[in-house]
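Morning, everyone. Please bring up the model on your screens, and we'll walk through a few side chains together.

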Amino acid sequence: SAGQELRTEVISLAVEEPPPDAAAALRTAHTWRLERVRSVDDQPVVYMSTWLPADLFPTLSAEELDGGSLHDWMRSLGHQPHGGPRRVQAVPADPVVTQHLGCQRGEPVLLMQGVTQDTYGRGLEWFSAWHRPHTVFDIDASVNPAPPTADSQSTDLNRVRDLVTELTSLIGVDPTTSHAG
C-alpha cells in the first residue's frame, strides 16, 4: 500500500542439501539455501526459505540479494522467471517461524510453497513462505518476464546450443559432423 515501506532482509545463505521436494523440482541436490524476512514498516510479515540450484547460480552473496528482488537478480543473470505451481495452506507456527515473525507457537500462519520455473520449465527456485497471521496481501502467481532484448535472445540461442550439445553427447553424435542422408 502507498506510504508503507517494504524491506527484505537476508537472514542466512549457505550451500546445503535441499529437502526431497526441492531436489525433485530443481532436478539437483547441489543447492543454495536462502532465508529472508520481508517486513512492512519494520513489522515482519513473511519468513521465506528458498532453495536455488547452485549449477545455475554458482556465485551468490547476501549483499547482492539483501533488500532487492530475487527475480530481478535472476533476470540480471539471464534467467527469466516465468511462474510455476503454488500450494497454499494454513499451518501452525513452529519455533523457527515464531522467531522470525514474532507470532505465538502453534498460531495459524499461511504457508505458500512452490517452484518458480523459467520459460523452458527449468526450476530456478523452490520456496516456502510463511505469512504472519492477520496479514492481508494480494497474490499474482504469474511472474511477468522482462521484454525481449538482443541480450535475452542471445541467451536463448546459447541455451539452445547448450541443449543440442548435451543431447548429442548423450546419443554419441558429433554435432560438428554433417550427416547427409
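Start with E9. E9 is partly exposed, at 33% relative accessibility. Keep in mind that this is a predicted model.

Who does E9 pair with? The partner is R7: their side chains meet in a salt bridge, 3.7 Å from N to O. R7 is partly exposed too, with a relative accessible area of 34%. Salt bridges with shared partners join R7, E9 and D42 into one network.

Next, E16. E16 makes a salt bridge with R33, and the closest N and O atoms are 3.8 Å apart. Why does this pair tie together separate parts of the chain? E16 lies in strand β1, residues 6-16, while R33 lies in strand β2, residues 31-40, so the bridge links parts that are 17 residues apart in sequence. E16 counts as partly exposed, at 34%. R33 is partly exposed as well, at 23%.

Stay on R33. The side chain of R33 also meets that of E35 in a salt bridge, 3.5 Å from N to O. Is E35 buried or exposed? E35 is buried, because its relative accessible area is 13% and the cut-off for buried is under 20%.

Last stop, M74. Find M74 in helix α3, residues 70-76. M74 is buried, with a relative accessible area of 0%. What does M74 touch beyond its neighbours in sequence? Leaving out residues up to four places away, the contacts are L52, F57, H79, P81, L124 and E125. Take F57: it sits 17 residues from M74 along the chain, and their C-alpha atoms are separated by 8.6 Å.

Technical notes. Residues numbered from 1 in each chain as written. Predicted model: local features only at pLDDT ≥ 70, side-chain atom pairs only at ≥ 80, totals over all residues. Heavy atoms only, no water. Helix = DSSP H or I, 4+ residues; strand = E, 2+ residues; numbered from the N terminus. Buried < 20%, exposed > 50% of the residue type's maximum accessible area, 1.4 Å probe, protein only. Contact = heavy atoms within 4.5 Å. Salt bridge = Lys/Arg side-chain N within 4 Å of Asp/Glu carboxyl O.
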